[in-house]
Each structure stands twice: as structure tokens, then as C-alpha cells.
Amino acid sequence: MDNEDEASLFAQEVAGIKKLEKSEVYLAKKGPLVDYNERQKAAMIAVEADKNHLSHDYVEKVDPNDVLQFKRSGVQDGVFKRLRQGKYGIEARLDLHNHTVAQSREQVYQFVNDCMRNDIRVAILVHGKGDREPDPENQAMLKSHINKWLRDLDPVMAFHSAQRHHGGLGAVYLLFKKTEKVRLEDWEKHQKR
């Protein structure tokens, strides 16, 4: 079909169309008044969600029976050993059973922020081993993401798979950075000696 055929076909299609008489349109609000407080709360939640930098893209796969462990430089070997052995009191717990990877991403990010806000030093995160998935390619997906996410969160100083009585290979102990408040309290305690 050449350009002349297209132009005549177009002219036939638009032949019965009439020009609008009005040149302006009034768009009035319909429905109830907008609650700006609710909109502001929703916007704040959206801003907080945008701060979540945890990736849900490709992660290096781990096996359901792999031990997860990580220690930032500066964490003393003795501290890491006590964490690994489950000898610190657990102050907070997050259980991700029956959560999707996307839900878990939000939960982990929020949990770490809540722990820091409440001066939590040691917590446990239960993720499951992921060995019940029939497809071997999809086994331990959440565990693999947890392994990556915890490394990407600055407040997490160290983590290690838990002892059997705390969930074993389906859970990790977390050691968080000391907040300034806790640092000051520790300093004051040591000054009184």
C-alpha cells in the first residue's frame, strides 16, 4: 500500500467526524475530600521502602545444608566464636517461614532497622533450609538471599548459622553494630571500675 492509498483510507475513516464546540474542559473532583494526613503517611512509607537497597536480583546459590557465616573486619575472633556457639542472649527474633523472597526482603530490612533503633546487639533470623522444594533449582532460594542481604546491611557485623536447638542450618545468629547510645553506656560502665 503506498502513501496515496493510506491517505485516502484515512480520509474515508474520519469523514463523519465533527469538530467539538467547546474548547475547554472542567475537571471537577468527584467523591469524598482527600485525607491529606493519610496521603502523607503513605508517602512516608513509600520513601522508607525506597531506602531498601537489598537486591532481589541474581544471588549466588547456597545448598540447604551449607553453613552461613560472615564476619566484618574489626569483629574479634572470640566474639565471633561466642556468636557461632550461640552463647549470647538472643534479644530479638524474625521468623520468615511461609514468606516469599519479596516479603522477606522487606521484613529483613525493617527488622534490622528496628533492632538498631532499639539497641539490639544479638538476634536470630529463622529462614528455613529450603530443602522441601521439589525442584533442586529452587531449593534454598530464601537462604541464598539471606546470605547476600545480611552482607549488604552495614549494621550487621557478623552472622553464623545457629546451633541445632535454635534452628540449626535453617537460622542464623546476627551480631549488630553498637549504637552510639550503647557505646556511651559501655564507656561509662568501664569508667566506674
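User: Where is F10 found?
Analyst: F10 belongs to helix α1, residues 3-13. Helices here are DSSP runs of H or I with at least four residues, strands are runs of E with at least two, and both are numbered from the N terminus. This is a predicted model, in which local features need pLDDT of at least 70 and side-chain atom pairs count only at pLDDT 80 or more, whereas totals for chains, interfaces and linings use all residues. Residues are numbered from 1 along each chain as its sequence is written, and side-chain values rest on heavy atoms, with hydrogens and water left out.

User: Is F10 buried or exposed?
Analyst: F10 counts as exposed because its relative accessibility is 56%. Buried means under 20% relative accessible area, exposed over 50%, and partly exposed in between, with a 1.4 Å probe and protein chains only.

User: Which residues make the nonpolar surface patch?
Analyst: F10, V14 and I17 make a patch of about 310 Å². A patch takes residues with over 30% relative accessible area and no salt bridge, joining like charges within 9 Å and nonpolar side chains (Val, Leu, Ile, Met, Phe, Trp, Tyr) within 5 Å. Areas come from the Shrake-Rupley method with a 1.4 Å probe, and for residues only the protein chains shown count as cover.

User: Now the overall fold. How many helices and strands are there?
Analyst: The protein chain has six helices and five strands. From the N terminus on, the elements run α-α-β-α-β-α-β-α-β-β-α. Of the 193 residues, 32% are buried.

User: In what order do the strands form the sheet?
Analyst: The five strands form an open sheet with mixed pairing, in the order β1-β4-β5-β3-β2. β1 (69-71) and β2 (92-95) stand at the edges with a single partner strand each, so one side of each has no neighbour in the sheet. From one strand to the next, the twist averages 20°. Strands pair if DSSP finds at least two bridges between them. Angles run from 0 to 180 degrees between N-to-C directions, and axes are lines fitted to C-alpha atoms, for helices over the stretch in contact.

User: How many bridges join β3 to β5?
Analyst: Strand β3 (residues 122-126) and strand β5 (residues 171-176) are antiparallel and share five bridges. V122 has L175 of β5 as its bridge partner, and V126 has A171. β4 and β5 are also joined by five bridges, in the antiparallel sense. A158 stands opposite L175 of β5.

User: What covers that part of the sheet?
Analyst: Helix α3 (residues 77-84) lies across β1, β3, β4 (156-161) and β5, at about 45° to β4. Helix α5 (residues 141-152) lies across β1, β3, β4 and β5, running at about 155° to β4.

User: How many residues of β5 are buried?
Analyst: Six of the six residues in β5 are buried. A171, Y173 and L175 point one way, while V172, L174 and F176 point the other way.

User: What does C115 touch?
Analyst: C115 touches A92, I120, A123 and F176, leaving aside residues up to four places away in sequence; contact means heavy atoms within 4.5 Å. C115 lies in helix α4, residues 101-117, and counts as buried because its relative accessibility is 2%. C115 and F176 are 61 residues apart in sequence, and their C-alpha atoms are 8.1 Å apart.

User: Switching to charges. How many salt bridges does a search find?
Analyst: A search of the whole structure finds six. The criterion is a side-chain nitrogen of Lys or Arg within 4 Å of a carboxyl oxygen of Asp or Glu. One of them joins D114 and R117, with the closest N and O atoms 2.5 Å apart.

User: How far apart are D114 and R117 in helix α4?
Analyst: D114 and R117 are separated by about one helical turn because they are three residues apart in helix α4. D114 is partly exposed at 30% relative accessible area, whereas R117 is exposed at 57%.

User: And E106, what does it form a salt bridge with?
Analyst: E106 forms a salt bridge with R105, the closest N and O atoms being 2.9 Å apart. E106 is partly exposed, with a relative accessible area of 35%, while R105 counts as buried at 12% relative accessibility.
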